Amino acid sequence: MHRAQAPFHHPVPITGLLGLLVIAALSARALGQAPAAAVVTAFEGARLIVGDGRAPIENATFIVSGTRVTQVGRTADVRVPAGAVRVSLAGKTVMPAIIDTHTHLSQTREALTEDLRRRAYYGVGAALSMGQDRGDVPFQMRAQPLPGAARFFTAGRGITMPEPGRTEAPYWITTEAEARKAVEELAALKVDFVKIWVDDRNGMYMKLTPALYGAIIDEAHRRGLRVTAHIFTLDDAKGLLRAGLDAFAHGVRDRDIDDEGLALFRARPNVIVVPNLPDRGVVTDLSWLRDSIPAGQLRTLQEAATDRPQVQATFGIQARNLAKLTAAGVRIALGTDGNTPWAPHVEMADMVAAGMTPMQVIVAATRNSAELLRLADAGTVDVGKSADFIVLDANPLDDITNTRRIASVYLRGAAVDRAAFRVGQAQAPQ
């Protein structure tokens, strides 16, 4: 879905900090000094939601050495290394950083940097940009993760039939040869996914045929790539499942999934569905955003958050389908579409409204999303993982909207400077 967009233009300057770090490293090397030992920190006393579905660890302690988690357990069972920095999280709840597997982020380096830092503010540790990335910048940004920012992944340019009047970023193809050539070019770039659109946009365009998307899937699999699809109809979902699709970037939106559809999903247990639920069409309190977006923008968003019966009916179809897929054991991950950094928290609440439990939603937003991106070092707070986690003031298992009550965010073992992005506190560009 496309949630309300939020333009921000307050990049946090890090040039000076990086310069000091580089100078320090070079000075140590020149003096023949060994690199400084990794800082070891013990985070103590929180309720820890590991992210894999197991019951939370009450009164937990976990040890972070540098960027990695090295111990996790009940406080009584964890041995804190001598000299470790100790951080009390008594009364807090910790969960893994969120991973957003469907976004459409900015294209310039400056704007994309802002997007990734803004996501970190809201506890997002990684984001996949889906099919509208052109040029070298996205791939350069993927190769060089920024301190204090979400990691970036990209599908490069997606593939669709010609859609004049819409974005020209994707490959427009009409033959199987063109389909295979597009995949060949994407493989050379080592994209994280091949994204396809199978949608006639309410009858406005021709959509990818089974022969065309079959060629894309076949060529991608031959080259070790996976394919995810934007869809709208149940019939297209069935055809794509038969063709060997790996993931769905949306749920079925035209009608309720029938028994044949569920059987096809059950027959493909490795398929992951990113539901991208639409607006629920109900009155919503957005005051939780007051510290992070300008008052005028918040007022506009709040005025639009009204009861809309037609929108509620659209949500109902997709909510029922998500509930059916969840009950059938289909793996669900999290994605938000568009470029709204706080949207994962809205999506998680919508997923609970559709019938998933808060724990199921947290697993979808963390471990399952990491698996979708093949991020072996992310998605859970566990030994050997990157220390990417959110410290919350309340338990999201009691109320999923408590994921919004963020006390602090840590990415790769370092606290994110959230104060720099609070309204009235953002630093001016330097």
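I began with helix α6 (residues 234–243) and helix α7 (residues 259–266), which pack at an angle of about 30° with their axes 10 Å apart. That angle makes α6 roughly parallel to α7 (under 35 degrees counts as roughly parallel, over 145 as roughly antiparallel, 65 to 115 as roughly perpendicular, the rest as oblique). Axes are lines fitted to C-alpha atoms, for helices over the stretch in contact, and angles run from 0 to 180 degrees between N-to-C directions. Helices (H or I, at least four residues) and strands (E, at least two) are DSSP runs, numbered from the N terminus.

I noted that the model is predicted: local features need pLDDT of at least 70, side-chain atom pairs count only at pLDDT 80 or more, and totals for chains, interfaces and linings use all residues. Residues are numbered from 1 along each chain as its sequence is written, and side-chain values use heavy atoms, with hydrogens and water left out.

Next I listed the contact (heavy atoms within 4.5 Å): K238, L241 and R242 in α6 meet E260, G261, L264 and F265 in α7. By class, this contact of α6 with α7 has 3 nonpolar, 1 polar and 3 charged residues. Ala, Val, Leu, Ile, Met, Phe, Trp, Tyr, Cys and Pro count as nonpolar, Asp, Glu, Lys and Arg as charged, and the others, Gly among them, as polar.

I then looked up helix α10 (residues 343–353) and helix α11 (residues 358–372), which pack at about 140° with axes 9 Å apart. α10 and α11 are therefore oblique to each other. M348, M351 and V352 in α10 meet P358, V361, A364 and A365 in α11. The residues of this contact of α10 with α11 are 7 nonpolar, with no polar and no charged.

I checked E44 in strand β1 (residues 40–48). E44 is buried at a relative accessible area of 17% (buried is under 20%, exposed over 50%, partly exposed in between, with a 1.4 Å probe and protein chains only). Leaving out residues up to four places away in sequence, E44 touches A60, T61, V80, R86, V87, S88, L89 and A90.

Last, the rings. I found 8 aromatic pairs in the structure (Phe, Tyr and Trp, its six-membered ring, with centres within 6.5 Å; planes under 30 degrees apart are stacked, over 60 edge-to-face, the rest tilted). Y121 and Y122 have ring centres 4.8 Å apart and planes at 80°, so the pair is edge-to-face. Both Y121 and Y122 are buried. F248 and F265 have centres 5.5 Å apart and planes at 50°, so that pair is tilted.
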